[in-house]
Amino acid sequence: MPNFCAAPNCTRKSTQSDLAFFRFPRDPERCRIWVENCRRADLEAKTSDQLNKHYRLCAKHFDPAMVCKTSPYRTVLKDTAIPTIFDLTSHLKNPHTRHRKRIKELTEEDLRKIKERRLASSIEQLVSKKDAAAEDSNNANEDEPQLSTEEKEFRDYLRSLFEVVVMLGKQSIPLAVDKASEAEHKSNNFQALLDYRMNAGDEALRKRFEATAVNTEYLSATQQGQLLDVCENTVREEMLMEVRESRFFSLVTGDLVQFANENHLPLFLRFVNQQNILREEFLDFVPFDGDESALVERLEAQLTDRWGLSMEDCRGQAHKATGASTTKMKAVAVLLMEKYPLLLHMPCSHTALNIHLANSLPFPNVQIIMETLRRVAAFFRTPFTQDELEKAISTHYQKNEEKGTTLKQACGSGWTEQHNVFDVLLDMLAPLVLCMDIIRDNDDGKFADAVTADAYSIIETLADFEIIVTIVILKNVLTFTRAFGRNLQGETLDVFCAANSLTAVLHSLNEVNDNIDVYHEFWYEEAVSVATVMEIPVKVPRLFVRKQRAADVGEIQAEAYFKEYVTIPVIRGIMQEVEDMFSETNLKALKCLSLVPAIMGQMKFNTTEENYADVYRNDLPNPDTLPAELHCWRIKWKHRGKEVRLPTTIHETLQLPDVKFFPNVNSFLKVLSTLPVLKLEDHICDIASERLQAYLDSMPAKQWNRSLAMLNINTHVKHDLDVMVDKYCRLYPEDDPEAEAESEEVAEEEVMK
């Protein structure tokens, strides 16, 4: 609920400004003075507890000196603060206006008592100030120790170091660059930037390092690590403060990243901030070692013990796993849902559903195709290789220029991540192999050896009949989920329609499964046709034939083999994954999207959110009043003015100023917004996962650094260098000049002994 200011003639409320609002004090005497200054007669009969619970004053009614901002997100009053700034006359300009907050008219007796109290209070405050000043002067060295010259210089020096660290992160500059000789390793990028700053006139750094030996490092690896940790933790804490304020969030993980030959899981959090904007932020890399239970415990410890969040407030999870990590992350999702039933497992809006479904299949042939697609995408990022691909397409489709033109447009940037990726891949298979052959031959010598080696490796993978059959089957099976997946990545209305069309999707997949013999025959003929054009022999995989011979079992025909070991497992695996990802609870949650006015209008305002509200009943501020509130919500939009447009997305609905007057609806929408399946707003184009990938692509894997990656991905998060300096001095007091001096004295005493 929004906070309203209790002062007369003040119409401010918390939803319309960034002003702080303060409760009336519990102390009866202070509370009486607040009420007296407000001149609200209707508040005089209320107790201090009642006033503290239900009434607030905004910061505009206090002297600025009484208001303290303890952090970017927290504002408090001094203990002796009294409101003194009020507008007690503006209502006189319009005497016919009704005022809920009537101003008390003061009698002569009231004025006399107020003057006496104020005089007594002024004398008391003057005496207390003198006593406090005397006490402060006596205890100045204890309470507020003055920084010595050495300490000030040390803090300035730390500030310069943190500025360099932040710049390294923002600009994707690695700490060190691979050098040709060992001698060149003596200086790294960090030290080079320190040199530059000193040459540019940074006195704090120059004074610190002017006595340093030429061949000595400015900072040890340990000190660099400490600086990076402080920077990383400071930026993370800024984001976590927002997550805690929003309460509800969802958990999203990315594909594995290697640091020092160890796999780490990128961890993102989705939440709706105080401005009702959906955010997805990168928080950390979590070690991936151990089994599923160990990883679940690690995630819980990270979120709760280290970050101060509650798993009970987590409302969704999505895992972008590939390769061998797929099975493990599916098990992690199941374990998390067993512990926290409302932690709904859904596909992520960043990933096309068909890509997710294919990645989830734990079959080697499917995983080889998915890995090859990622390699192909990386291979054709350069203009030279992309040009060769387009030439190969023109050559292969020279008799069908229209098809060739369409295919060139389809194989642009990002085609390996689209819903129709297997359709495009199948059409492009022959020209793709032709292109790789040309690059591998490298007759004109314009490609590097590493590029020709990659081309050869990709050819060996694609020019295999088992791979062709698998591509054909994936293309045909995933045709039934393509439209469904596109809707899931669409606007809120599209997601709602997708939730209501799931039954039809499952019906189509079941129909294929029931008539698998017929479908497989058509699909197998299509695969044979493609292989014939590419001159690839139709045969059973060599490894399977060898196992059959070793077991002395009769040979199996190719068509029967691929039906049993490819077609049936793929169709059943897709069906199971769809059913798991869209369980009854998940569908109930998505059907609650009918709260969005445009969807209500589409349904002729005949929606039944009450039937699905039990999923989030405990998340609502007043669940008992939900039916009545939903009725008012529908009436509001059904009988709107002709000029009023219905909000079309959940995010647009949350931005409405009057949604605060529907507290249950507001809470409902905030919880639903965090679900990973809902796409981020259009203006948030550079989402955290894309920034992470951009960082990884910007430098060799050997130069990746966890802390610098964190800073680079979160350059939009504000950071305070002074906070970093304070945190460093608190965490590493041994680096402080006074501590160093003390340690030197101790060392000298030991030598003397």
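**Entry 1: the hairpin**

I began with strand 7 and strand 8, which form a hairpin with five residues between them, and Asn 276 in the turn has a positive phi of about 60°. The model is a predicted one, in which local features need pLDDT of at least 70 and side-chain atom pairs pLDDT 80 or more, while totals for chains, interfaces and linings use all residues. Residues are numbered from 1 along each chain as its sequence is written, and side-chain values use heavy atoms, with hydrogens and water left out.

I took helices (H or I, at least four residues) and strands (E, at least two) as DSSP runs, numbered from the N terminus. Two strands pair if DSSP finds at least two bridges between them. Strand 7 (residues 262–272) pairs with strand 8 in the antiparallel sense over nine bridges. I noted that Leu 267 stands opposite Asp 284 in strand 8.

Next I looked up burial, where buried means under 20% relative accessible area, exposed over 50%, and partly exposed in between (1.4 Å probe, protein chains only). Strand 8 (residues 278–287) has nine of its ten residues buried, so it is largely enclosed by the rest of the structure. Asn 276 lies in the loop between strand 7 and strand 8. Asn 276 is not a glycine, yet its phi is positive. At 5% relative accessibility, Asn 276 counts as buried.

I found a positive phi, near 60°, at Arg 39 too, a residue other than glycine. Arg 39 is in the loop between helix 1 (28–38) and helix 2 (48–54).

**Entry 2: the whole chain**

I wrote down the totals. The chain holds 30 helices and ten strands. Of its 753 residues, 46% are buried. I counted a contact as heavy atoms within 4.5 Å. Among contacts with a separation of 6 or more, 71% come from residues 24 or more positions apart. The chain exposes about 39400 Å², and carbon and sulfur atoms supply 50% of it. These areas come from the Shrake-Rupley method with a 1.4 Å probe; for residues, only the protein chains shown count as cover.

**Entry 3: rings**

I looked up ring pairs: rings of Phe, Tyr and Trp (its six-membered ring) pair if their centres lie within 6.5 Å, with planes under 30 degrees apart counted as stacked, over 60 as edge-to-face and the rest as tilted. The structure holds 20 aromatic pairs. In one of them, Trp 633 and Trp 637 have ring centres 5.7 Å apart and planes at 75°, so the pair is edge-to-face. Trp 633 and Trp 637 are four residues apart in helix 24 (residues 626–638), which puts about one helical turn between them. An α-helix has 3.6 residues a turn, so residues three or four places apart point the same way. Both Trp 633 and Trp 637 are buried.

I also found a cluster in which ring pairs link Phe 465, Tyr 524, Tyr 561, Phe 562 and Tyr 565.

For charges over rings, NZ of Lys or CZ of Arg must be within 6 Å of the ring centre and within 35 degrees of the ring normal. Lys 636 lies over the face of Trp 637, at 4.8 Å from the ring centre. The charged end of Lys 328 sits over the ring of Phe 288, 3.9 Å from its centre.

**Entry 4: single residues**

I took a polar contact as a pair of N or O atoms within 3.5 Å; within protein, one must be able to donate a hydrogen and the other to accept it, and residues adjacent in sequence count only if both atoms are side-chain atoms.

Asn 365 is in helix 11 (residues 364–379) and, at 8% relative accessibility, counts as buried. Its side chain makes a polar contact with the side chain of Thr 470 (3.0 Å). Leaving aside neighbours within four places in sequence, Asn 365 is in contact with Glu 466, Ile 467, Thr 470 and Val 566.

Arg 482 is in helix 17 (residues 479–488) and is buried, with a relative accessible area of 18%. The side chain of Arg 482 makes a polar contact with that of Asp 423 (2.8 Å). Not counting residues up to four places away in sequence, Arg 482 touches Asn 354, His 419, Asn 420 and Asp 423.

Val 334, in helix 9 (residues 325–339), counts as partly exposed at 47% relative accessibility.

**Entry 5: helix 29**

In helix 29 (residues 721–731), I listed Leu 721, Met 724, Val 725, Lys 727, Tyr 728 and Cys 729 as buried. Their cover includes helix 4 (149–170) and helix 7 (221–246). At the start of helix 29, a side-chain oxygen of Asp 720 reaches to within 2.9 Å of the backbone nitrogen of Asp 722.
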